Amino acid sequence: MANFSRQMRLSSTLLRLLQQRVTAVNSTSSRKFTTTEGHRPTIVHKRSHDILHDPWFNKGTAFSFTERDRLHIRGLLPPNVMSFEQQTARFMADLKRLEVQARDGPSDPYVLAKWRILNRLHDRNETLYYKVLIENIEEYAPIVYTPTVGLVCQKYSGLFRRPRGMYFSAADRGEMMSMVYNWPADQVDMIVVTDGSRILGLGDLGVQGIGIAIGKLDLYVAAAGINPQRVLPVMIDVGTDNEKLLKDPLYLGLQEHRLDGEEYLEVIDEFMEAVYTRWPHVIVQFEDFQSKWAFKLLQRYRNNYRMFNDDVQGTAGVALAGLLGAVRAQGRPMIDFPKMKIVVAGAGSAGIGVLNAARKTMARMLGNTEIAFESARSQFWVVDAKGLITEARENIDPDARPFARKIKETERQRLREGATLAEVVHQVKPDVLLGLSAVGGLFSKEVLEALRHSTSTRPAIFPMSNPTRNAECTPEEAFSIVGDNIIFASGSPFKDVDLGNGHVGHCNQANNMFLFPGIGLGTLLSGSRIVSDGMLQAAAECLAAYMTEEDILKGVIYPSISRIRDITKEVAAAVVKEAIEEDLAEGYREMDSRELRKLDEAQISEFVENNMWRPDYPTLVYKKD
Ligand SMILES: NC(=O)c1ccc[n+]([C@@H]2O[C@H](COP(=O)([O-])OP(=O)(O)OC[C@H]3O[C@@H](n4cnc5c(N)ncnc54)[C@H](O)[C@@H]3O)[C@@H](O)[C@H]2O)c1
Ligand SMILES: O=C(O)C[C@H](O)C(=O)O
Ligand SMILES: [Mg+2]
């Protein structure tokens with residue numbers, strides 16, 4: 001009897017195994033024989049451990065039996081061959097177990113543990129990692145990207161395991177042109193580079209800022225479908241002025257003060273020359289450079305290289321789309337935008353970028369004349385660490401000067417140089433209060449109470465600073481103090497607010513993640529040599545038009561992150577179209593500029609979609625070098 005039940009157990013195990021094998025066989029045989037690149041075999045030049053430790057080709061337990069023989073890895077893996085779906089499910093179960101044990105809330109103590117688990121998967125098997133990320137983007141973007149990525153950068157010394165990306169330091173001067181050949185990939189499409197000097201709202205984190213470049217590139221892969229083999233996170237370590245890091249024995253970067261002036265520029269110039277020599281078509285996204293350098297570097301390189309600054313230009317487009325959404329949410333036509341009164345707290349790279357873009361858009365709507373440009377200026381009040389910026393400000397930052405209020409105007413409004421944010425909001429009664437100050441809680445009770453007197457029927461509150469703790473206010477504060485009717489959009493994600501009357505206060509996320517992946521992908525596929533103002537404007541307009549009237553009236557002015565792949569495709573198509581119209585498009589692979597010009601709108605969209613990478617295992621075949 002005992003024997004019989006043992007046999008039964010064995011045969012049910014066997015049956016299960018066989019079923020799994022059959023499923024695996026079926027899933028292979030049911031594959032359509034298309035000519036798409038994903039199903040052609042990939043030739044590999046390594047075997048054995050090398051392939052298991054190579055995240056580009058590793059499939060872990062999903063290697064089939066024949067592949068295990070071919071690649072000399074039989075016996076190096078547990079015997080059960082898992083399907084891609086089983087692997088995903090197993091990984092998700094593990095990740096979920098952690099969550100069941102700790103029901104989180106906004107200050108989830110397990111975010112770093114989740115990041116670690118995801119990071120380990122990233123090291124082992126990139127294809128599976130991106131499948132998990134894409135299928136669960138809403139849940140895990142806040143882990144691999146903002147806000148958790150900020151914490152990861154802060155704790156980088158402890159979290160560092162396997163290196164990812166490239167590091168160029170001040171000590172590498174004169175060597176970068178050869179160093180760049182140490183990177184294993186012959187093709188790189190996207191580089192995100194930082195010097196770690198202003199990571200989110202967390203200040204100078206030195207070499208630890210590499211985390212932000214990695215997080216942005218994760219979105220390039222997940223949202224824009226850039227091939228993960230062709231992305232490169234870069235950290236340019238020119239030292240740090242963070243005294244704590246300078247003394248920290250575990251710090252992984254150069255323990256000297258930051259280079260400045262010509263010396264600093266020489267390092268960045270050398271880096272740019274090196275990467276464009278090896279990969280002439282690469283797109284370089286500058287990220288989280290302190291404002292002092294952000295504008296200068298943008299002006300220095302934007303006419304000669306395929307580059308853009310995400311904090312200045314990406315943020316500007318995202319904010320602009322939100323501002324236009326706020327106009328529509330009041331039931332007014334977009335063309336009413338130039339009538340909006342906008343108070344901006346923060347005049348750094350992000351704030352100034354937003355101000356310039358909004359002013360230009362207003363001027364265009366008013367007829368694109370010099371008078372229109374001048375008159376648009378008076379719709380903005382800018383408050384920085386020293387208060388309201390007026391023409392009376394001493395040593396005014398040249399980038400902020402165009403937005404300094406005229407003395408006469410301020411007197412008329414009973415304001416003055418250096419007036420506090422609360423005073424400005426009280427006197428101006430703005431339609432929009434937008435924060436890019438990196439100061440958590442800046443929109444205090446006093447400021448929000450003053451906004452209750454806004455002349456708008458639906459005041460808009462945009463605490464755009466990151467990460468969560470640096471947000472100028474929480475949605476709970478905004479809805480409870482200013483009212484249920486407001487439009488709320490924050491840089492870091494917040495949960496919707498229960499307003500207690502059967503209604504929900506919607507929390508939009510106003511983050512440049514809705515634009516930079518599409519700007520990069522569109523630039524890549526158009527083959528444009530530069531990222532023009534027109535291409536950036538097209539990206540912003542595409543995002544602004546994405547939401548339906550019905551959504552907007554409900555206060556939903558940005559898409560949910562679950563739609564990031566779709567919005568990114570649309571943005572990229574808009575960028576390609578604009579590049580064609582501006583005669584900048586030089587084409588991509590077999591789609592040369594002449595072919596590109598023949599495409600209609602739907603065909604451009606299809607072209608974009610067909611060139612977006614998806615996580616899918618190719619069949620691997622070994623070939624000797
Ligand atoms: N949501 C997004 O997509 C997005 C994009 C880019 C930047 N950001 C966030 O914006 C913030 C600022 O970035 P940045 O590069 O402009 O930084 P920055 O340090 O260059 O600028 C900060 C600005 O805020 C001002 N400021 C400081 N204290 C203030 C106060 N008490 N009141 C009013 N203004 C004050 C400073 O004077 C300065 O002008 C960061 O937190 C960053 O994470 C968000
Ligand atoms: O990184 C983000 O989440 C947005 C932005 O680039 C920032 O610097 O805050
Ligand atoms: Mg940034």
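Colleague: Why is β4 described as largely enclosed by the rest of the structure?

Modeller: This is a predicted model, in which local features need pLDDT of at least 70, side-chain atom pairs count only at pLDDT 80 or more, and totals for chains, interfaces and linings use all residues. Residues are numbered from 1 along each chain as its sequence is written, chains are lettered from A and ligands numbered from 1 in the order in which they are written, and side-chain values use heavy atoms, with hydrogens and water left out. Buried means under 20% relative accessible area, exposed over 50% and partly exposed in between, with a 1.4 Å probe and protein chains only. In β4, 7 of the 7 residues are buried, so the strand is largely enclosed.

Colleague: How do you know that both faces of β4 are covered?

Modeller: V231, P233, M235 and D237 on one side are buried, and so are L232, V234 and I236 on the other. In a regular strand the side chains alternate between the two faces of the sheet.

Colleague: What makes β3 and β4 a parallel pair?

Modeller: Two strands pair if DSSP finds at least two bridges between them. Strands (E, at least two residues) and helices (H or I, at least four residues) are DSSP runs, numbered from the N terminus. Between β3 (residues 190-194) and β4 (residues 231-237) there are 5 bridges, and the two run parallel. The partner of V192 in β4 is P233, and that of T194 is M235. On β2, Y167 also stands opposite M235, and β2 pairs with β4 in the parallel sense over 4 bridges.

Colleague: Why is the crossover from β3 through α11 to β4 called right-handed?

Modeller: A crossover is right-handed if, with the strands pointing away from the viewer, the path from the first strand over the helix to the second runs clockwise. The β-α-β path from β3 through α11 to β4 is assigned that hand.

Colleague: Why are β2 and β6 called edge strands?

Modeller: The open sheet of 5 strands has the order β2-β4-β3-β5-β6. β2 (166-169) and β6 (307-309) each have a single partner strand, so one side of each is left without a neighbour in the sheet. The twist averages 20° from one strand to the next, where axes are lines fitted to C-alpha atoms, for helices over the stretch in contact, and angles run from 0 to 180 degrees between N-to-C directions.

Colleague: Are D288 and D311 buried or exposed?

Modeller: D288 has 1% relative accessibility and counts as buried. D311, at 6%, is buried as well.

Colleague: Why does Y305 count as buried?

Modeller: Its relative accessibility is 19%, and the limit is under 20%. Y305 is found in the loop between α14 and β6. Leaving aside neighbours within four places in sequence, Y305 is in contact (heavy atoms within 4.5 Å) with M272, E273, Y276, R529 and I530.
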